[in-house]
Amino acid sequence: MAPSELVVQLNDLWRAAGRPSYRRVSKAIDDNDGMRDTVSHETVSALLNDRKVPQWPKVECVVRQLALMSVRKLDPDAEVARFLPLWEIANSERGETAAPSRTNVNPSGRTPLPSAATNGQPSDDVQQFGSTPARNPHFTGRDELFSLVPTLLGHEPWRPVILHGFSGVGKTSTAIEYVYRERSHYDLIWWVAAEQPAQARAALVALGEHLELPTSQDIRQTIRSVLLHLESADFRWLLVFDNAAGSEEIAELLPAADGAAGGAVIVTTRDSAWLDRGRAVLVDVLPRPDSIRLLQRRGDITFDDADRLASYLGDLPLALEQAAAMRAETRITVADYVRLLDEDAYAVLDTNQPPGYRATVAGAFRFAFTRLRRERPAAAQLLELLACLSAEPIALAFLRSSGERLVPPSLSRLLQRDDQLDDAVHLLRRYGLLTTVDGAQRLQVHRLVQLIVRDHLLTEHERERAYRNASLLLVAANPGNPNDQISWEMHKEVSPHVRPARLITYTDRAVRRVVLDQARFLYLSGDFAASLRLAEEALRAWAGPEGAWENEHADDAWDDDETFSCLNAIVTALCSLGRYQEAGVLAERMLNRLNALPEFGPDHTLTAGVVNTVAYARRALGNYTEALQLDQYRIDFCTRRGLRPELQRARSNLAVGLRATGNFRRAHEIDRALFEERRHELGEDHYLTVFSASNLARDLYGLGRYAEALRLQERSLPALRARLGLQHQQVMWANRTVAVCLRKTGRLLEALHHSDNHFRACTDEFGAEHADALAACLTYVNSIRAIATADPDNYANSLPAAYNLSLFAVSAYRRVFNERNPLTLAAATNQAAILRAMGQRNRARITAQTAYHGLEPLGLTHPYTQAAAIGLANDLVTAHEEDDAIRLLQTVTSMTPESRRSHPDILVGEINLALITNSTADEPVRRALDALQRALGSDHPDVLAAKRGARLECDIEPPPF
């Protein structure tokens, strides 16, 4: 006899409590003065092992104690309320002295009545009429489905509920569990095995005998009598047609829809032909939490191991049951079980058939695939192809793009003919070998179906053919050039299949192009780590282990286009991941190798493409002038070759280099022209247009035109987010521009909140020591200093926190870049400003002086050097070294080109100089104050402070490189 629900649920609670010994439970109850009773360890053992149902006070004590011991911190009162009805049922069932007899049929000879001994509820023996399988005591999950099915069964007009899904997903076990859960709501339940029409007819004849209905020589007449009897019955009944095959034959055995209002029908099937005959409910693989719970209920397994095993088995209930059974029997570890699956999954999945399932995982899929091959070979070849792709859903449109290159020709014809493809998909669904999603526009094959078919049911020749077809399919689907965002949707379709289809193992240039395009697409879409992994795998496959980029002697193995393209992708990803030193070394090695090979050389297209990456790495390492030279080289190359799209990208990169050198005016000219070209050619909301708008906003900021920059960036940011997503690097850059411009336009509180959120987002997305997170840290620190200076009564106490963050930023910049990198020195310049605001004069002087002299190699006209000089001059004044401060500020203002003299930072320098020389009444000072007011507004905090005679600060916000 199956354990009662009380025992099943109590054992769950005992496992949740960590499987305490029976003596420990008994003692804990005895030690707890709040318990209603004492419970011996023998009683605890008898209860949990289903040997005895004690009186309720003792059961309540056990429930309370196990709830208190549970790692899930369960509410004891809620658990007691949950267990009381379970105890009442179990207690009444134990009280029965005999099973209900056939005399429990009313005088009309139709309805089995509940036994009086069951308190008005049908006994389990009544539910076994019609050979209902035994209940699975370890059944887990499906709560949403159990809430949905009764609702659907009660809808008008009456229709059967169709539980559908592929083999092994648990349709039958779900129906069994539903029967046991809902048995009190029906007077009659009858289970019909319906895989063969003959079986189903025999089950209905047996139902007629059970109801003592007249029989006929003609079995069809007997069945009609049974159905008519149900259709006119005044009692509540449920028929379950399990594993129903062809819908035409079995559907004739269902009660008529217009006369079955008193009853319900559930059909379990993998045949999609049933979906139009009732209200369909998909029984899918288990949600991961339920898979983990199932495995933990069946044996001693950690959460992480259960998660790993469930992932490997694709959350397929049959596979999980088999794994649990084997582990319980052999005590094998999860690691060893997974290793066995890797070595011979078919053998492992062909053993330990769980109760309630008709076959093992391997047996079920082997049987279906064998029948499919006999009935429709081309459909079987389609499944073979799908078995060599990802288990992610695949679009039908993706399959139709394959062209005529697949073998054999019958498969190629199938994919090019919509009617043939639809028929094949229908057949595969009928056999439970795939499911459809998204309105039948996508196909999905479970990973265990893939594994069994691909690795165990195909010959070596068939398997190689299937893999080759998968590679040809992906070549045909590859949209090419990932730099064009219109191709991204198809690149997303290709992405999941690159590794399962083993593309990196092929030597064909077209196949390798798919891999390289994917690496580039992953980078452009912001998944730098995935881009790096794919490029590294491809490099090892194509250049061999001796060509791996980490090998310092690998250069001799780099000798073809694909290898250098892989290296280029690796360098780009390393830079974006913040691994600048590695990227820089590899970039220089790669460029030297290309220049040395006669088949490439400095005028080769590939070399010109790599030059762009090398320039990126040099900028990251602070070599701005050298990087700018490479940017200009690429401009010249693209111009000579007439490569217009590449030339646009080269111009955009040149603007990046110009911003790094402080030439924002020239960068603005380039970006303005690019923005207008792209807006005209591609439209206002195209990815490249809004990208150019963001670059233009950064130029405007660098020119001191803060309000314009803010308006432009806020206008273009929604389109950028829509195209790339909230976490994309370029969206993060744009968010930082907004935060900086809010501060520079005097909206300090908004700037503080925006920069705080941006800093947190960058740290979460990229890690604390990534360049973008460090830049966000600087922006946040500058916002705190600005508002603390403007409103010291409310925000001065925030300065120590700002200093600690600046200390972290400077230290991290030194580790990631080095102590002489302009970014490190820019961070130190901002740190000195905070120290001045805190009154730490000597420390500020030391920090500012180091930063200024470190930045001098950039030139005295570079914005970083000028900002550092203005800060250092403030320190010199504080130390009563006014003459040195005057000379320093005069140098800054006199060497500034005319085009930059109206920049707010230069105006700050002029105002500070005037304050030091006590010449506030001079015309130049009035002009500087008026100019600052025009640039920032009359109510800007810096303007108000300058009018009060306060010396002002300049901070640095390095643009992205």
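Two residues are said to be in contact, or to touch, when heavy atoms of theirs lie within 4.5 Å. With that cut-off in mind, and remembering that this is a predicted model, one can begin with the overall build of the chain.

The chain has 45 helices and eight strands, and its C-alpha atoms fill a box of roughly 120 × 80 × 55 Å along the principal axes. Its radius of gyration is 37 Å, whereas a compact globule of 961 residues would have one near 30 Å. Of the 961 residues, 56% count as buried, and the chain exposes about 40,300 Å², of which carbon and sulfur atoms supply 49%. Among contacts between residues at least 6 apart in sequence, 68% join residues at least 24 apart. As for charge, the mean positions of the 109 positive and 124 negative charges are 1 Å apart.

The interior comes next. In soluble globular proteins, nonpolar side chains tend to be buried together. In this chain the largest nonpolar core has 255 residues, and L313, L349, L372 and L382 touch the most other members. Helix α36 (residues 771–790) gives the largest share of this core, 13 residues.

Two single residues remain to be considered. F808 has its place in helix α38 (residues 799–816), and, not counting residues up to four places away in sequence, F808 touches A768, E769, L774 and R815. From F808 to A827, 19 residues apart in sequence, the C-alpha to C-alpha distance is 9.9 Å.

A548, by contrast in setting, lies in the loop between α25 (528–543) and α26 (561–576). Its relative accessible area is 8%, and therefore A548 counts as buried. Leaving aside neighbours within four places in sequence, A548 is in contact with L539, R540 and A554, while the C-alpha atoms of A548 and D559, 11 residues apart along the chain, are separated by 13 Å.

Notes: Residues numbered from 1 in each chain as written. Predicted model: local features only at pLDDT ≥ 70, side-chain atom pairs only at ≥ 80, totals over all residues. Heavy atoms only, no water. Helix = DSSP H or I, 4+ residues; strand = E, 2+ residues; numbered from the N terminus. Rg over C-alpha atoms; globule rule 2.2 N^0.38 Å. Buried < 20%, exposed > 50% of the residue type's maximum accessible area, 1.4 Å probe, protein only. Areas by Shrake-Rupley, 256 points an atom, 1.4 Å probe, with all protein chains shown as cover. Lys, Arg positive; Asp, Glu negative; His and termini not counted. Charge placed at Lys NZ, Arg CZ, Asp CG, Glu CD. Core = buried A, V, L, I, M, F, W, Y, C linked by side-chain atoms within 4.5 Å.
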